[in-house]
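Visitor: Could you walk me through this model, taking some charged side chains in turn?

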Amino acid sequence: MLTGHSLDKIQEIYTGEFKYDSQHGVGRYETQDGHEYEGEWVSDEQHGFGIYRFPDGSSYCGEWKLGKPDGIGIWENANIRHFGKWVSGKREGLAFVTSKRDNSVIFEGIYVNDKPAS
């Protein structure tokens, strides 16, 4: 496994491990507009455990599969914290959403296809 640094034409920077010219292992990815991912990679895709930070200050910390949140994770912004399961980038299954201000429960229930079940 090699370690290194790459910069492409649209100002995306990857610093970390490579295998066969692919981002593979542990690395950090940043874009010029403020997106950041730090964690595990397999064949140029987020895969394993990692943290993704968005330009608006929100973040997802948890499991990844083939470049999408997949598994148990926590998504949060300035106001709420969502703990639950993701499948192919969508919220799915049991979830708890709490207020970051006072830790009160906002939602406790099931998500289906990225929406609370009715």
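Visitor: Is Glu-38 buried, partly exposed or exposed?
Guide: This is a predicted model, in which local features need pLDDT of at least 70 and side-chain atom pairs count only at pLDDT 80 or more, while totals for chains, interfaces and linings use all residues. Residues are numbered from 1 along each chain as its sequence is written, and side-chain values use heavy atoms, with hydrogens and water left out. Buried means under 20% relative accessible area and exposed over 50%, with partly exposed in between (1.4 Å probe, protein chains only). Since Glu-38 has 38% relative accessibility, Glu-38 counts as partly exposed.

Visitor: Which residue meets Glu-38 in a salt bridge?
Guide: A salt bridge requires a side-chain nitrogen of Lys or Arg within 4 Å of a carboxyl oxygen of Asp or Glu. Glu-38 lies in strand β4 (residues 36–42) and its partner in strand β3 (residues 22–31), so the pair ties together parts ten residues apart in sequence; strands here are DSSP runs (E, at least two residues), numbered from the N terminus. At 2.9 Å, N to O, the side chain that meets Glu-38 is that of Arg-28.

Visitor: What is the distance between the closest N and O atoms in the salt bridge of Lys-100 with Glu-76?
Guide: Lys-100 lies in the loop between β9 and β10 and Glu-76 in strand β7, so that the pair links distant parts of the chain, 24 residues apart. Lys-100 counts as partly exposed, at 35% relative accessibility. The closest N and O atoms of Lys-100 and Glu-76 are separated by 3.0 Å.

Definitions and conventions: Helix = DSSP H or I, 4+ residues; strand = E, 2+ residues; numbered from the N terminus.
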